[in-house]
Amino acid sequence: MGHFECFILLVVCEILFLPYTQELQTSQSQVLAQLRKHLEYPPALQIWENYNGDFCNLSSEHMSISCQENSVTELKIMGDKNLKVRDFNGFAAPNQSLSEKFSVDSFVTTLSRLPNLRVLSLVSLGIWGPLPDKIHRLSELELLDLSSNFFFGSIPAKISTMVKLHTLILDGNYFNDTVPDWLDSLSNLTIVSLKSNRLKGQFPNSICRIKTLTDIAISHNELSGKLPGLSNLTSLHVLDLRENHFDSELPEMPKGLVTVLLSKNSFSGKIPEQFGDLGQLQHLDLSFNNLTGIPLPDLFSLANISYLTLASNNLSGSIPEQLNCGEKLGFVDISSNKLIGGLPSCLYSSDNRVIKYDWNCLSIDSQHQHHGSYCKEAFIRGKQSKNTEIMIVAAAIIGLILVIVLLALGILLLRKKKGARRTYKQHILPKIVQANSPSGVCSELITNARFISQAVKVGTQGAPVCRLFSFEELREATNNFDVSMFMGEASVGQLYKGKLENGAYVAIRSLALTKKYSVQNLKVKLDWLSKLHHQHLVCFLGYCIMSGEQDDSSANKVLLVFEYVPNGDYRTYLSENCPEKVLKWSDRLTILIGVAKAVHFLHTGVIPGSFNNRLKTNNILLDEHRIAKLSDYGISVITEEIEKFEAKGEGSKSSHKQNLGDDVYNFGFILLESLVGPVVSGKGETFLLNEMASFGSQDGRRRIVDPVVLTTCSQESLSIVVSITKKCISSELSSRPSFEDVLWNLQYAAQVQATADADQKSDSIS
């Protein structure tokens, strides 16, 4: 073929393939438009309306798209349908799920027309129905997150063919079959999270064969039976199996574990000595089980252990006085067991350690301990039980000896019988022994174990590492601190919304330091702030220090970077201005309990404790799942030098300032606002204090309490909260309760309310 012919051929190819490439891009845009229609035009996709540009350059707060070579490779959508439906029955849930017209099969069929998707995250969109098998058509997927929807039934077996998948997150749905036994087909799997479903059955042995796993989270389900040994999972860092029904003894664990959460199951027996070899372990929660014996001493001395709770078990005996405690051990809870004797000195000798030991039979603090007879009886019962076990074992051994003797006599007699019958007996016996062999499962695990050396693609989930941001990075994230990114004046400083280079949204607090700080002192305080990690605290991600122009040893401005919490503040959900959002009493209690836990942690879980945490309803933020997160905490530690400087010579205000700075007092007004609503609370502190007397009568309550509260609460639950509220806002500092008392009362009120709601539901069904 000549040069001219080759040239003609190239021109023809270009002409043929050019429209095809353009058609491919158009088809992808059409798929996205169809997906928006399937999802019934959610607010998160409003930006797509009448949009004719390139979708690959389109993103918003709740949606992002990434493309490669005219194909969509990442699709992330965060919806607003994030409430769990208690009685979901597999059909459309009005105002929560998508409508009855929605077809999950058609939706997934449309999705499969994006064959190059590597990341798919569809969260809180109200998608309902059984997840179709055809989801496996997205064979390039590496991350699949379908959290907080209304999927039910089985997790499709065809997912086992999606071999590139490394992250599978199906939290907060209604899957009600067993955990799949084919997960080991996903050879790249590092994270499997199936929390808050209705999964049942046993823990699948196949998970024990996935050597790449770093995170297993199957908490808040209905799994039962035995938890198998997990020691083969050498990459595992996080194990979360809380609130299931496991009733076996604790198995051996991988030595690389960092977090183990096994609370609220029925695990029994002693804590295995092997737990004392978990050198990387930082958080261990074995509370609310049926564990027995003396607490394993080695747990307290682990090199990295910082959080250890063994509360609410049947642990007995005394903890050795010569116990050693690890340097990082900051929180220990051994309360509500049957322990006797004294408390080892290492537990209370450090100012950096919080120890809970109530409701045992210890020789200290008798006011909050059981009488010695309570634990003694338990010890005697345990001893009797042990003696009984010994007798049973002895009887079994004697019985076995008798059986062997009888078998020997039988064999002698059988030798006189025909050979055919002897052959028949010898054929059956090996089958019986094999069927009852305790090593059957272990040998199967060893035979099928696969050693995978591929690199882990996703790191351990856990508390984010505090990082140092550059000013240029934060300036770019906020579009040069543009007014469109300004979120308003905070209690201290100005708040901006930002979007980092990786697409994550953050909240940036700009704090001017009117009195120049030493950079070294400021870093010490920021380092302390970075250690405050709690489920109900807005997470501190990092900072940027702006040094003085002349002297780099001093700072005149700091930018604090926090996680962005998208669902607004608690005050909004109490307001009559948004009646569709107003929370009923049980929901308010859940939020109040979360905040109380956070403040209790700030007071007792860190050294030094964090006080004056600026507690207000508009500093309580709600995430996409309506989980409460406290903001503005700990800021006083950074600003205290400024405040001291500004308050110098204002002694007349010091007592008032102390009163306002009391977290218990301020939390009392959060409780009060939860009771009466922000409209009434807007009349001022003095008015509310005078109106507290109205809570003493039914007529008074009807006059001042929020109607939503009155129609959704039980009187007993309401009375408990009213009582603790009065104590919190007492004018006498010494009369105010501790946050532990506040938390206990709120949890009790929630329990009373849950019982009342269940009774009311039962009556209505009857």
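**View 1. Pairing of strands E11 and E13 in the predicted model.** In this predicted model, strand E11 and strand E13, the latter spanning residues 222-225, run in the parallel sense and are joined over 2 bridges. Within this pair, lysine 200 lies opposite glutamate 222 of E13. The two strands belong to an open sheet of 3 strands, ordered E11-E13-E15 and paired in parallel. Because strand E11 (200-201) and strand E15 (245-246) each have a single partner strand, they stand at the edges, and one side of each is left without a neighbour in the sheet.

**View 2. Strand E23 and its pairings with E21 and E25.** Strand E21 (residues 314-317) pairs with strand E23 (residues 338-341) in the parallel sense, over 2 bridges, and serine 316 has lysine 338 in E23 as its bridge partner. E23 also pairs with strand E25 (residues 361-362), again in the parallel sense and over 2 bridges, with isoleucine 340 standing opposite cysteine 361 in E25.

**View 3. The largest nonpolar core and the surroundings of isoleucine 218.** The largest nonpolar core holds 102 residues, of which Leu75, Ile127, Leu183, Ile218, Leu299 and Phe300 touch the most other members. Helix H2 (residues 104-111) makes the greatest contribution to this core, giving 4 residues. When neighbours within four places in sequence are left aside, the contacts of isoleucine 218 include Val179, Leu194, Leu199, Phe203, Ile207, Leu223 and Leu241, and also Lys195, Asp240 and Asn244.

Definitions and conventions: Residues numbered from 1 in each chain as written. Predicted model: local features only at pLDDT ≥ 70, side-chain atom pairs only at ≥ 80, totals over all residues. Heavy atoms only, no water. Pairing = 2+ DSSP bridges. Core = buried A, V, L, I, M, F, W, Y, C linked by side-chain atoms within 4.5 Å. Buried < 20%, exposed > 50% of the residue type's maximum accessible area, 1.4 Å probe, protein only. Contact = heavy atoms within 4.5 Å.
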